[in-house]
Amino acid sequence: MRLIGAGSRPDRPQVDHDLIVTVPNILTVLRFMGVPLFVWLVLSQREYGFAVLVLVVMGSTDWVDGYIARRFDQTSKLGRILDPMADRAALIAVAVTLAVAGVVQWWYLAALVVPDIILATASLIYFRSHPDLPVSVVGKIRTALLLLGTPLLVLSKLQIPFTDVYFVAAWTFLGLGLVGHWIAAYNYFWAILRKGKDLQSDDDGGHG
C-alpha cells in the first residue's frame, strides 16, 4: 500500500466536492482538538507518555483522513484547505509546547515558523487569503518526517530503555523534515508568485 496518495483510484479522477461534513473533515477537526490536549499533558501534567500517544493518534489521522477522502470519493474544497492548516497548526503548537517545556531549543521553532510567516505574507499580498495550492510531494514527506520525529523526541525524555536511540532517530527525522520544510516553502513561495502574477495578468486583460 502506498504511503503517499494512498487510497487513490486511477479509474476515477479525484474531484473536490462542495462538502463540509465528511469523515475526513471530522478527523481533521479531531486533529485540531488534539493540540490543546497535548499542550495540557506536557505543560500542566508532565505526562509525556500520554502526550506521545496523542501525537501518534494525531499523526495517524493525518494519513487516515487522506486515505478515506481518496478511496471513498470524499475529497472536498474545504478539506484541501483545512487539512494542511491542521498539520501546520499542530506542528507549530507542538513545537511551541516542547520549546516551553525545554524539550527542544527555540531555534527549532524559528526554523518551522519563519518559512510559514513568509508564505502567509506572500499569500496575503497576492490573494488576501489562502492561495489554494496543491500539496506537493516534498510537503507531504516533510510533514510525515516531522510527525515521526516529534513523538520519538518526546519518548527520549521518558525513563525507558533505549532513550539514546530514540533521541538520535528523532533528530534524524526532524533534521530531514526541516530541510524538506524549507525546500517545500521555497517551491510554494514561487508557486504563489506565479499564480498571483497570472491572476493579475488575467485581471488586466479583462479590463483592457
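In the predicted model described here, Y48 touches V42, A101, V103, V154 and L158, residues up to four places away in sequence being left out of this count, where contact means heavy atoms within 4.5 Å. A nonpolar core is taken as a set of buried Ala, Val, Leu, Ile, Met, Phe, Trp, Tyr and Cys residues joined through side-chain atoms within 4.5 Å, and buried means under 20% relative accessible area, exposed over 50% and partly exposed in between, with a 1.4 Å probe and protein chains only.

Residues are numbered from 1 along each chain as its sequence is written. Because the model is predicted, local features need pLDDT of at least 70 and side-chain atom pairs count only at pLDDT 80 or more, whereas totals for chains, interfaces and linings use all residues, and side-chain values use heavy atoms, with hydrogens and water left out.

The secondary structure comes to six helices and zero strands, and along the sequence the pattern reads α-α-α-α-α-α; helices (H or I, at least four residues) and strands (E, at least two) are DSSP runs numbered from the N terminus. Of the 208 residues in the protein, 40% are buried, and among contacts with a separation of 6 or more, 80% join residues 24 or more positions apart. Within helix 3 (residues 77-100) lies T97, which is buried at a relative accessible area of 3% and touches F38, V39, V42 and L43, again not counting residues up to four places away in sequence.

A search of the whole structure finds one cavity of 30 Å³ or more, and the volume of the largest cavity is about 130 Å³. On a 1 Å grid over the protein atoms alone, a cavity is a set of points where a 1.4 Å probe fits but cannot get out, and lining residues have an atom within 4 Å of a point; grid points are joined across faces, edges and corners, and a volume is the space filled by probe spheres set on the points. The lining of the largest cavity consists of 15 residues, of which L55, L91, V94, L147 and T150 lie nearest its centre. Helix 2, helix 3, helix 4 and helix 5 each supply at least two residues of this lining, and the largest share, five residues, comes from helix 3. By class, the lining has 14 nonpolar, one polar and no charged residues, where Ala, Val, Leu, Ile, Met, Phe, Trp, Tyr, Cys and Pro count as nonpolar, Asp, Glu, Lys and Arg as charged, and the others, Gly among them, as polar.

Several loop residues are also of note. R46, in the loop between helix 1 and helix 2, has a positive phi of about 55 degrees although it is not a glycine, and R46 is partly exposed at a relative accessible area of 46%. D73, in the loop between helix 2 and helix 3, likewise has a positive phi, near 55 degrees, in a residue other than glycine, and D73 counts as partly exposed at 28% relative accessibility. R128, found in the loop between helix 4 (106-127) and helix 5 (137-155), counts as exposed at 64%, and the side chain of R128 reaches the backbone oxygen of L124 at 3.0 Å and that of I125 at 2.6 Å.

Terms used: Polar contact = N/O pair within 3.5 Å; in protein donor to acceptor, adjacent residues only side chain to side chain. 1 Å grid on protein atoms, 1.4 Å probe; cavity = no way out; pocket = protein on both sides within 12 Å on 5 of 7 lines; lining within 4 Å.
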